[in-house]
Amino acid sequence: MKQVVQSFKTGELVVKEVPVPLLQSRYVLVENASSLISAGTERGTVKVAQASLLNKARQRPDLVKQVIQNFKKEGFKATFDKVKTKLDAPKALGYSTAGTVKASLDNNNKFKPGDRVACAGQDLASHAEVVAIPQNLVALIPDEVSFEEAAFTTVGAIALQGVRQTKPEIGENICVIGLGLIGQIAS
């Protein structure tokens with residue numbers, strides 16, 4: 001099957017032939033009909049991957065901190081090998097898709113082959129022909145909702161979670177800073 005992947009080392013984006021993911025317990029195998037390209041999240045991921053190693057470090061100080069902690073704990077060789085492996089591994093892009101269930105091993109028999117579903121999950125609901133998604137990140141799509149519309153489900157859920165975390169009460173005014181897609185949905 002085909003999947004969009006990026007080399008974190010070189011920044012190169014390619015459509016690559018990869019094996020169909022294995023279906024495991026509590027997962028749902030979905031044939032994608034539509035996947036959402038997130039202009040903010042994915043542009044940021046692509047930009048970091050295309051940067052030099054020094055600029056990657058500048059843009060992701062959190063990862064530099066992890067490397068330093070790992071160096072202190074495991075030493076130079078082990079840390080070097082981990083970083084090299086991470087840079088060499090192709091990264092799946094995408095985190096919000098919609099499609100048709102091919103097979104399911106969900107533990108409550110909620111999803112059946114042929115069901116239309118929306119899927120979420122970084123490195124899971126990717127730009128690929130087929131994805132394997134944990135059952136708690138899959139939702140049935142009503143018949144009147146298209147696959148293209150359903151692919152926005154994850155983004156809507158992220159916006160809704162942001163609103164929930166503010167714990168707004170009736171009569172309060174809330175200011176949303178940042179009017180990207182998620183900010184606009186939250187508004």
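R26 sits in the loop between β2 and β3, where helices (H or I, at least four residues) and strands (E, at least two) are DSSP runs numbered from the N terminus. Its phi is near 70°, a positive value in a residue other than glycine. With 48% relative accessibility, R26 counts as partly exposed; buried means under 20% relative accessible area, exposed over 50%, and partly exposed in between (1.4 Å probe, protein chains only). The model is a predicted one, in which local features need pLDDT of at least 70 and side-chain atom pairs count only at pLDDT 80 or more, while totals for chains, interfaces and linings use all residues. Residues are numbered from 1 along each chain as its sequence is written, and side-chain values use heavy atoms, with hydrogens and water left out.

Stepping back to the whole chain, seven helices and eight strands turn up. The C-alpha atoms fill a box of roughly 55 × 50 × 30 Å along the principal axes. Of the 187 residues, 32% count as buried. The accessible surface comes to about 11,900 Å², with 59% of that belonging to carbon and sulfur atoms; these areas come from the Shrake-Rupley method with a 1.4 Å probe, and for residues only the protein chains shown count as cover. As for contacts (heavy atoms within 4.5 Å), among those between residues at least 6 apart in sequence, 69% join residues at least 24 apart.

Now for the sheets. Strands of a sheet pair through backbone hydrogen bonds, either parallel or antiparallel. Here, two strands are taken to pair if DSSP finds at least two bridges between them.

Strand β1 (residues 2–7) is joined to β2 by five bridges, and Q3 stands opposite K16 in β2. The hairpin of β1 and β2 has five residues between the strands, and G11 takes a positive phi near 85° there. Towards β4, β1 has three bridges, again antiparallel, and S7 faces P90 in β4.

The other open sheet has five strands, ordered β7-β3-β5-β6-β8, and the pairing is antiparallel. β7 (130–134) and β8 (138–140) stand at the edges with a single partner strand each, so one side of each is left without a neighbour in the sheet. The twist averages 45° from one strand to the next. Within this sheet, β3 (residues 27–35) and β5 (residues 96–104) pair over seven bridges, and E31 stands opposite T100 in β5.

The loop between β6 (116–120) and β7 holds D123. The phi of D123 is near 70°, a positive value in a residue other than glycine, and its relative accessible area of 44% makes D123 partly exposed.

Among the helices, α3 (residues 61–74) has 14 residues and reaches 20 Å from first C-alpha to last, close to the 20 Å expected at 1.5 Å a residue; the expected span is 1.5 Å times one less than the number of residues.

Finally, the cysteines. C119 counts as buried because its relative accessibility is 2%, whereas C175, at 63%, counts as exposed. A search of the whole structure finds zero disulfides, a disulfide being a pair of cysteine sulfur atoms within 2.5 Å.

Notes. Axes are lines fitted to C-alpha atoms, for helices over the stretch in contact, and angles run from 0 to 180 degrees between N-to-C directions.
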